[in-house]
Amino acid sequence: AKRFVSFAMIRTNIKPSPIGIAIIVFVLVGISYLYFRGPAREAKNPHGKILVSRLLSAAIDLAERGGRVVVDVRNEGTGNMDEKVKGITKEGKKELVTKGDMMSHRAIVRGLLKAFPDVNFVSEEHEVEHELDVDTPNMNREEVVSLAGRGPDSVPISKVSVWIDPLDATQEYEENLLQYVTVMICIAVGDEPVAAVIREPNFDDKSLPGKTSWAWVGHGTSKGMSETVKEAKKKLKENSEMNFIVSRSHAGHVEESAKQAYGSKIKITPAGGSGHKVLQVVRGNADAYVHVTCIKKWDICAGDAILRAVGGKMTKLNGDSILYSTKSGPYNDGGILAALENHGEVEGKFKDLIKSGKIEVSPCKHS
């Protein structure tokens, strides 16, 4: 005869093992930890995908952190700036780094690595990143995530490059010309800049926030930017003279070239910081931003992305595209031309001057 063993009999004969219970508890705790920490960090998978919406959300949070840091350091006083010369440009200008640069760099890069450990990034400053004991950035900002359905969001992580300028306009920061200071983060996919944030810190009143401008090409922009651009285009049409915004260090050289292209009806506005200059173009305070010397891609990637998102354009001075994959290197030879309107017209005039030898664009000293 067959013998049947009931579940009741089985249960009666099994005695709980303390070791077994400990193993089960350990496994359950481990699963719970992985489950609840999952949203706080992208999986380590360099061959996988990444959502631009999450990366841009984090970039906004991190740029704002960097902005708070540079304000705090500046408010400590000039005696605590720890200013150092990190290099000399081809034109003989000192390249400075301050405590503000490094503290902002740490806040941004450590937060980025905690959230996205496999993403490729290039920062203006350099430091081996060991300590990641920082808050995970917000990767689910509603105003960004809500735009994800308007176009591609998921991209191969291997094609993503994040360009970071933790403190743009260091010279002006040291000189207390703080209106030119920005913090910039740009996301490129392949050679194309697809999203970016520029943070303008508020140094005057710590109780008030700074201004954050961000854009996602083909998807949308930060609140109020579309209205700003509409007003800017109206303003530009009403101008009777071409207004070029240029670096403080070579305003005279660009003025001479612009007069050859446009005659005497021009205005030259010297300013510091590439981020600041692009925002002046976006706001209609300048027709074009022109640069004729070497510039690094962390200085211009964010501005390029924002201009693309609002219908403007940034290129080299001769009209060639600027490439932003990390494989292309950090240097941009050929100067830059950025404009909200009439980029083609300005490009044509400067291209003719370059061909005729009337304007020289300084190449970078690659090292």
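A cavity is a set of grid points where a 1.4 Å probe fits but cannot get out. In this predicted model, one cavity of 30 Å³ or more is counted, and the space in the largest cavity comes to about 50 Å³.

**Largest cavity**
- The lining consists of Leu55, Ala58, Ala59, Leu62, Ile108, Leu112, Val162, Ile164, Ile185 and Ile187.
- By class, these are 10 nonpolar residues, with no polar and no charged ones.
- At least two lining residues come from each of H3, H4, strand E6 (160–168) and strand E7 (182–189).
- Helix H3 gives the most, with four residues.

**Packing of H3 and H4**
- Helix H3 (residues 52–75) and helix H4 (residues 99–115) have axes that come within 8 Å and cross at roughly 155°.
- Angles over 145 degrees count as roughly antiparallel, so H3 is roughly antiparallel to H4.
- The crossing of the two helices is right-handed.
- On the H3 side, the contact is made by Leu55, Leu62, Gly66, Val69, Val70 and Val73.
- On the H4 side, the contact is made by Lys99, Gly100, Met103, Ser104, Ala107, Ile108, Gly111 and Leu112.
- Nine nonpolar, four polar and one charged residues make up this contact.

**Second largest pocket**
- The second largest pocket holds about 170 Å³ of space.
- Its lining includes Gly67, Arg68, Val71 and Asp72, as well as Arg199, Lys206 and Gly210.
- Helix H3 gives the most to this lining, with four residues.
- The lining of this pocket has four nonpolar, four polar and four charged residues.

Conventions:
Residues are numbered from 1 along each chain as its sequence is written. This is a predicted model: local features need pLDDT of at least 70, side-chain atom pairs count only at pLDDT 80 or more; totals for chains, interfaces and linings use all residues. Side-chain values use heavy atoms; hydrogens and water are left out. Axes are lines fitted to C-alpha atoms, for helices over the stretch in contact, and angles run from 0 to 180 degrees between N-to-C directions. Angles under 35 degrees count as roughly parallel, over 145 as roughly antiparallel, 65 to 115 as roughly perpendicular and the rest as oblique. A crossing is left-handed if the near helix is turned anticlockwise from the far one by less than a right angle, and right-handed if clockwise. Contact means heavy atoms within 4.5 Å. Ala, Val, Leu, Ile, Met, Phe, Trp, Tyr, Cys and Pro count as nonpolar, Asp, Glu, Lys and Arg as charged, and the others, Gly among them, as polar. On a 1 Å grid over the protein atoms alone, a cavity is a set of points where a 1.4 Å probe fits but cannot get out, and a pocket is an open set with protein on both sides within 12 Å along at least five of seven lines; lining residues have an atom within 4 Å of a point. Grid points are joined across faces, edges and corners, and a volume is the space filled by probe spheres set on the points.
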